[in-house]
Amino acid sequence: MEEDAVKFLGTFVSESFYYWASVIMLMIHVGFLAYEGGVARTKNVLATMTKNLLTLCSVGISFFLFGWWVYNAFPLFPFGPLLGPWTDAESLSDSGKAAMGLVEASYPWSPAVGPNPGDHLTGVFVFAFALFAMTTGSIMSGALIERAKMGGYLILSVILGSVCWVIGGAWGWNPYGWFFTKLGYHDFGCSAVVHGIAGFFTLGVLMVLGPRIGKYVNGKPVAILPHNLPLTLVGLMCIFVGFFGFLAACAIMLPGQAGIITIYGTPMTLSSMGLNTLLALAAGIIGAYISSKGDPFFTISGGLAGIITIGAGIDLYQPALIIVLAFAGAFLMPKIAMFIEKKGVDDVVGAVAVHGFCGFIGAVLPGIFAAGYVQGEGIPPISFVGQLTCALVCCVILGFLPGLGSAYVLQKFGLLRVSKEEEIEGLDLADCGYGAYPEAGVSGITMKPAPDPEIVATAPATKLATESA
C-alpha cells in the first residue's frame, strides 16, 4: 500500500506540474488578445481580437486531430521511416520502437488521449503542446492585422500551428529527433522550433499580403499608431507571465524520475529557469529602451526579444551571460524591425524581428557559448555547425518557404486579403457586424470610420469626398 501511495504521489505531482504550467501558458493568449487589440486602430479592434479567439479553436482542434500525431510520427523522417501503422516495427532501432509506441498513443481515437484513469499524463501533454502550437498562430496574427481575411488567416494558422512548427518540434525538440541525434541540436526554450519558424513563416505571408493602405507614402513608411498603447503594454506583461509557464512546461519531470531534466536528457533546475528568465526579461527591456530611444512599444517588446534570444540555451547559460546576450538581442531587435519596414514589409507588431530574428540568433548562440557540451552517450556535442544548420532548416525550410507558398496559393484563390473597401471601412464591420465602440456612432450602433490621414494626404479630393459621404 505504501508503495502504491508513493507511486500515486509521483504521478499526481507530475500531472499537476504540467497542468498548472499549461494553465499559466494561457496568459500568453490573454496577452496576445490585449496586445493586438491595442495595436489595431479602432475600426479593427473586434476583428483583431476575434482572430485571436478563433486561433485557439482552429489550432486546438487541428492539433488534436493530427498535430500531435505529426510530432510523434516525424522525428526520424526523412533520414528514417515516417512512423505509422504501415511501418515495420521490427526493423526499427530501440529508440525507433520507443517512438513508435508514442505514435500509437497519439491518434485522436487512442484511449491515451481520452478520459483514462490509467493514463494521467498524455492528455496533459497534448494540452501543453497544443498551447505551444496556438502560440505560433498568435505570433503571426498580430503581424497581419487590418487587412487579412478571417478564413485565410485561420487556414494559415492551422498550417503553421499543426504542421510546420510540429515537424520542427519533432526534429529538434524531441529525444528521438534527427536534429538532436545526428547533430546534437539544443533548443530548450524553442528559440527556432517555435519562434524562428513562426517569425519567418510570418515574413513569407507578409511579402505576399502586402502593406496596409496608407502605410507607405511615396515609398516611405508612415507611422500608424496603436489606438490604445496602454492596453498593448498590459498585453505584453501578460505574455511575460505566460512565458514563465511556457518555459516551465519545457522541463521533463516524470513519476519516479530523479530530478528534472530537459527534453534532451540533460540536467536542469527550475531555480535557474526562474532566475535566468527574469534576467533576460529585464536586460531585454533595457536593451530595447536604449536602442529605440525610449519608444514604449519597442521597449516592452524588448522583454520578449531578450527571453527568445536566450531561450535555446537558457538551461545552460550562467546568469551573467544571460544579461549580456538578452541585452544584445533586444538592442538589435528595433533596428531589424525598422530595416524590414523600410524594405516594404508592413509587420504591425514586429513579429519578424522579435520572434524570427531573435529566434534564429537564439538557436545559433548555444553553438558559440555552449559548444562542446555533451548531452548523452552517442549524441554529438553541441556545435556551431549543428546549431546553425538546424536553425536554417527551421527558419527557411519550415518557416519562410511554407509561409510564402501558402499565402501565394490563398491569394490566387482570393482568400488572403480583404477588399480595398472593407479595409478602408474597417474589418470590425465586415467580420463582426459592428464596431468596438458603438456609443461613438450617431445612431448608437456603428460609425463608419473616417479615411486614414495617410489616404487624405495622397488621394484626390473628389475621391475623399465620395468615401467620406
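Proline 78 sits in the loop between helix H2 (45-73) and helix H3 (94-104), where helices are DSSP runs of H or I with at least four residues, numbered from the N terminus. The peptide bond that leads from phenylalanine 77 to proline 78 is cis, with omega near 10°. This is a predicted model, in which local features need pLDDT of at least 70 and side-chain atom pairs count only at pLDDT 80 or more, while totals for chains, interfaces and linings use all residues. Residues are numbered from 1 along each chain as its sequence is written, and side-chain values use heavy atoms, leaving out hydrogens and water.

**Another loop to visit**

- Cysteine 190 lies in the loop between helix H6 (178-183) and helix H7 (191-209).
- Phi of cysteine 190 is near 65°, which is a positive value in a residue other than glycine.

- Two packed helices are described by the angle between their axes and the distance between the axes.
- Axes here are lines fitted to C-alpha atoms, for helices over the stretch in contact, and angles run from 0 to 180 degrees between N-to-C directions.
- Helix H11 (residues 319-342) and helix H12 (residues 351-364) have axes that come within 9 Å and cross at roughly 125°.
- That makes H11 oblique to H12; angles under 35 degrees count as roughly parallel, over 145 as roughly antiparallel, 65 to 115 as roughly perpendicular and the rest as oblique.
- The crossing of H11 and H12 is right-handed, a word used if the near helix is turned clockwise from the far one by less than a right angle, with left-handed for anticlockwise.
- On the H11 side, the contact (heavy atoms within 4.5 Å) is made by Gly329, Leu332, Met333, Ile336, Ala337 and Ile340. On the H12 side, Val352, Ala353, Val354, Phe357, Cys358 and Ile361 take part.
- By class, this contact of H11 with H12 has eleven nonpolar, one polar and no charged residues. Ala, Val, Leu, Ile, Met, Phe, Trp, Tyr, Cys and Pro count as nonpolar, Asp, Glu, Lys and Arg as charged, and the others, Gly among them, as polar.

**H14 and its partners**

- The axes of H12 and helix H14 (residues 384-412) come within 8 Å and cross at roughly 155°. That makes H12 roughly antiparallel to H14.
- H12 passes H14 in a right-handed crossing.
- H12 brings Phe360, Ala363 and Val364 to this contact, and H14 brings Phe384, Gln387, Leu388, Ala391, Leu392 and Cys395.
- The contact of H12 with H14 divides into eight nonpolar, one polar and no charged residues.
- H7 and H14 have axes that come within 7 Å and cross at roughly 35°. H7 also passes H14 in a right-handed crossing.
- In the contact of H7 with H14 there are 18 nonpolar, six polar and no charged residues.

**A cavity inside**

- The structure holds one cavity of 30 Å³ or more. On a 1 Å grid over the protein atoms alone, a cavity is a set of points where a 1.4 Å probe fits but cannot get out, and lining residues have an atom within 4 Å of a point.
- The largest cavity has a volume of about 40 Å³, a volume being the space filled by probe spheres set on the points.
- Its lining is formed by Phe32, Tyr35, Ile139, Leu304, Val349, Ala351, Val354 and His355.
- The largest share of this lining, three residues, comes from H12.

Terms used
Helices (H or I, at least four residues) and strands (E, at least two) are DSSP runs, numbered from the N terminus. On a 1 Å grid over the protein atoms alone, a cavity is a set of points where a 1.4 Å probe fits but cannot get out, and a pocket is an open set with protein on both sides within 12 Å along at least five of seven lines; lining residues have an atom within 4 Å of a point.
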